[in-house]
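Please read it alongside the sequence and the model.

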Amino acid sequence: MQAETSPVGDPDPQQGLSRRMLRHETLLVLALSLGASGVSALISFVGSVTKPGGLKDQAATLNASAAPGRPWLDLAWQLFGITTALVPVALVAHFLLREGASLRTIGFDRTRPWPDLGRGAAIAAVIGSTGIAFYLAARGLGFNLTVVPEALPEVWWKYPVLILSAIQNAVLEEVIVVGYLLRRMGQLGWTPTAALAGSAVLRGSYHLYQGIGGFIGNMVMGVVFVHLYRRWGRVGPLVVAHSLLDIGAFVGYALLAGKVGWLPTA
């Protein structure tokens, strides 16, 4: 006797999750996280290109004070923002557990710390140097805003918060845009090429507030990260690489801004 077909789509063989349910789940995760950031970045970019003057004469500030002149309140807001930004990662972990998987399935665990650290450091070394050169070139050509990685006050918690912010960015982006999204797109029938393109374009989209250079540079980085994830089967090295890249950008800017001539400042 032939089984009755689900009215909402083909079921997932593990837990009977239909494609429609998986599609809606994925859209909700993106709407609560980096998909919404992509829309916000697009609106910001439209505002920048329609504003008088060139893009390089405008600034995009990443880590700014939330309560100027009130350091303890500022610290509370910074920690609140970092913590709540990771809620979508917890939601992804819940959805993976529901289907009988876990974050370990996408390689976000502590089972291989040293290989993850080594690979991540190597990726960061290669991408970091080329990324700086690409940013300076894009800004010089007028395709990018001046990126100000941090504008926090000189208080004791400045550098710990910058490091925590960098790690939060890395965990959020690599778990969702690479591990989770590629898994879901595969379950929804996307071809490997289409899934790679979708992940890379999403990564570029939420960096569009930086300008065309930010979009293209991060999209290329997304292609590289997808290839590495498929080769290694782990997002761990990507989280390490992304963390090191952002720590270098945030802390490096804080230490060097105004002290070296090659680093643009607002």
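## Helices α1 and α4

In this predicted model, helix α1 (residues 19-31) and helix α4 (residues 87-98) cross in a left-handed sense, a crossing being left-handed if the near helix is turned anticlockwise from the far one by less than a right angle, and right-handed if clockwise. Leu22, Glu25 and Val29 of α1 make the contact with Leu91, Val92, Phe95 and Arg98 of α4, where contact means heavy atoms within 4.5 Å. By class, this contact has five nonpolar, no polar and two charged residues; Ala, Val, Leu, Ile, Met, Phe, Trp, Tyr, Cys and Pro count as nonpolar, Asp, Glu, Lys and Arg as charged, and the others, Gly among them, as polar.

The angle between α1 and α4 is about 165 degrees, and their axes lie 11 Å apart; axes are lines fitted to C-alpha atoms, for helices over the stretch in contact, and angles run from 0 to 180 degrees between N-to-C directions. The two helices are therefore roughly antiparallel to each other, given that angles under 35 degrees count as roughly parallel, over 145 as roughly antiparallel, 65 to 115 as roughly perpendicular and the rest as oblique. Helices are DSSP runs (H or I, at least four residues), numbered from the N terminus.

## Packing around helix α6

Helix α6 (residues 158-187) packs against helix α8 (residues 212-232) at an angle of about 55 degrees, with the axes 11 Å apart, and α6 and α8 are therefore oblique to each other. Their crossing is right-handed, and Glu174, Val178, Gly179 and Leu182 in α6 meet Phe225, Val226, Tyr229 and Arg230 in α8. This contact has five nonpolar, one polar and two charged residues.

With helix α9 (residues 236-256), α6 packs at an angle of about 145 degrees, the axes being 8 Å apart. The crossing of α6 and α9 is also right-handed, and by class their contact has 15 nonpolar, four polar and four charged residues.

## Salt bridges

The structure holds 11 salt bridges, each a side-chain nitrogen of Lys or Arg within 4 Å of a carboxyl oxygen of Asp or Glu. One of them pairs glutamate 25 with arginine 184, the closest N and O atoms being 2.7 Å apart. This pair links distant parts of the chain, since glutamate 25 lies in α1 and arginine 184 in α6, 159 residues apart.

## Confidence and conventions

The mean pLDDT (the predictor's confidence in each residue, from 0 to 100) of the protein chain is 93, and 94% of its residues reach 70 or more. Over residues 1-14 the pLDDT is below 50, and this stretch has 16 contacts in the model beyond near neighbours in sequence.

Local features need pLDDT of at least 70 and side-chain atom pairs count only at pLDDT 80 or more, whereas totals for chains, interfaces and linings use all residues. Residues are numbered from 1 along each chain as its sequence is written, and side-chain values use heavy atoms, with hydrogens and water left out.
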